[in-house]
Every structure is written in C-alpha cells, then in structure tokens.
Amino acid sequence: MDLRLCPSPQETAQEAGQFHAPNAANTQLDSRSDAELIELFKNGSKEAMDVLYSRYRRLVLCTSLKILRDHAEAEDIVQDVFLEICKRAELFDPARGSVRLFILQYAYSRSLDRRKYLTLRYSNGHSSNGNGNHVHREIELDSAPNALDILTLEERRQMILEALRALAPRQREVFRLICSQGLLIKEIAEQLGETEGNVRHYYHRGLKKLRQELWKLLGHNGK
C-alpha cells in the first residue's frame with residue numbers, strides 16, 4: 001500500500017491526493033533535523049515530507065483552529081498548507097528562519113484567507129438551513145491570535161531582524177538606539193545631530209514599516 005504523503009516537486013497537485021501520517025518505514029528519518037528533511041525532500045525523498053507532516057500537522061491544525069474556530073475547515077487547511085510546502089520547498093532559506101516558521105507562515109496566511117472567504121460568503125447570505133432561512137455564522141474579524149504569540153522567542157527574534165532590514169538606515173538606527181540603549185527621543189536627536197521632530201518622524205515611519213514587514217513575513221497582505 002502506497003502511503004506517500006506528498007508529491008515530489010515535479011508532481012502536480014492532482015497527483016498528490018490527501019496527506020496521511022508516515023508509516024513505520026520512515027522512522028529512520030526521525031532523527032534528522034527539519035532543515036535536513038527539507039533538503040532530502042528537494043532531492044526526491046517523499047518520506048522526508050511525511051516526517052515533517054507528522055511533526056507539524058498538530059501545530060498547523062491548532063493555529064488554524066484559533067483563527068477559523070471550525071475543526072473541519074482547519075483540517076482542510078492542514079492539507080492545503082502541506083501541499084503548498086511541497087510545491088514551494090525550494091523557497092525555504094535557513095538563513096531567514098526555521099522550517100517551523102516557514103510552515104507557520106503558510107498556516108497563518110491560508111487560515112486568514114479562508115476566514116476572509118467565509119466571512120464574505122456568509123455576510124452575503126450564501127448559506128441556508130434548508131427551510132429557506134439564511135444561516136448567519138459569526139466569524140469574528142478580531143478573533144485571530146497575535147501572530148507573534150504563535151512563535152518561539154528565537155523565531156520572533158529572527159522575524160524582527162528580517163523586518164528591520166527593510167527599514168531606511170536612519171530609521172533602523174533610531175530603533176537600535178531605543179532598543180539596545182534605551183535612549184529617549186531627545187537623547188537620540190543629540191547623538192545623531194538631528195532635530196527631535198526628525199527623530200520622531202523616523203520612529204513613527206519606521207514603526208509603520210516594521211509592522212507592515214512583519215505582516216508580510218507572516219503571509220498577510222500587510223494592510
């Protein structure tokens with residue numbers, strides 16, 4: 001019986017089928033790191049993705065449940081996320097974060113997209129209870145957890161550092177002085193030879209940009 005969880009990067013989504021837990025033959029891969037498993041998958045080892053699925057399917061499910069609050073929908077998201085990981089494994093870069101973070105980005109993005117779709121669908125009255133009455137399902141727009149709360153401290157650090165790279169040099173310097181030295185706006189202005197107004201401008205513009213970049217890294221549209 002073929003228990004292949006995932007297609008190779010060359011196979012299509014139609015050939016993938018549904019994901020399943022790995023079989024006992026894959027236990028020899030259990031000792032491999034997440035990054036090693038991704039590399040093995042890139043080189044044609046479908047079993048390597050089976051192991052990653054076994055490690056992270058519950059995390060993806062829990063993340064999606066927090067956003068969608070619907071178990072059936074969340075289970076579908078699990079399948080979608082790992083199929084996406086199969087298709088986009090080549091995009092994984094260990095220098096930009098862990099495999100866990102890579103998977104969570106897709107879990108968060110797909111769940112938010114699905115929630116938007118469901119909100120629009122039910123707000124337009126496309127669902128009926130069989131008696132001709134519309135079923136109104138409450139999906140709270142603010143029910144998603146804080147995205148960073150899902151991450152470990154190291155993953156948060158990596159993501160914030162990645163987002164900081166997108167700031168202009170002066171904005172980045174202001175944040176460095178605030179975070180590493182705890183300086184006030186007035187003190188930063190004196191150290192940089194800038195007016196306090198300019199420093200406040202760097203700070204507020206940089207904060208807005210930083211938030212946008214963090215949303216992008218989590219797969220959101222940044223708005």
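Predicted model: local features only at pLDDT ≥ 70, side-chain atom pairs only at ≥ 80, totals over all residues.

Student: Okay, how much space lies in the largest pocket?

Tutor: About 370 Å³. Its lining has 16 residues, and the closest to the centre are L91, R96, F102, Q105 and L217.

Student: Which helices supply at least two residues each of that lining?

Tutor: Those are α4 (99-123), α5 (153-164) and α8 (196-217).

Student: And which one gives the most to the lining?

Tutor: That's α4, with 4 residues.

Student: Switching to cores. Which residues touch the most other members in the largest nonpolar core?

Tutor: M49, L52, V60, V81, F82, I85 and I103, out of 28 residues in that core. At least two residues of the core come from each of α1 (34-42), α2 (46-68), α3 (71-88) and α4.

Student: Who has the largest share?

Tutor: α2 does, with 9 residues of this core. There's also a second, separate core of 9 residues, with L101, L164, F175 and L210 among them.

Student: I'm curious about E73. Where does it lie, and is it buried or exposed?

Tutor: E73 sits in helix α3. It counts as buried because its relative accessible area is 13%, under the 20% cut-off.

Student: Last topic, cysteines. How many disulfides does the count come to?

Tutor: The count is 0.

Student: Is C62 buried, partly exposed or exposed?

Tutor: C62 is partly exposed, because its relative accessible area is 39%, and that class runs between the 20% and 50% cut-offs.

Student: And C179, buried or exposed?

Tutor: C179 is exposed, because its relative accessibility is 64% and the cut-off for exposed is over 50%.

Student: Great, so for my notes: what were the helix and the burial class of E73 again?

Tutor: Helix α3, and E73 is buried.

Methods: Residues numbered from 1 in each chain as written. Heavy atoms only, no water. 1 Å grid on protein atoms, 1.4 Å probe; cavity = no way out; pocket = protein on both sides within 12 Å on 5 of 7 lines; lining within 4 Å. Points joined across faces, edges and corners; volume = space filled by probe spheres on them. Disulfide = S-S within 2.5 Å. Buried < 20%, exposed > 50% of the residue type's maximum accessible area, 1.4 Å probe, protein only. Core = buried A, V, L, I, M, F, W, Y, C linked by side-chain atoms within 4.5 Å.
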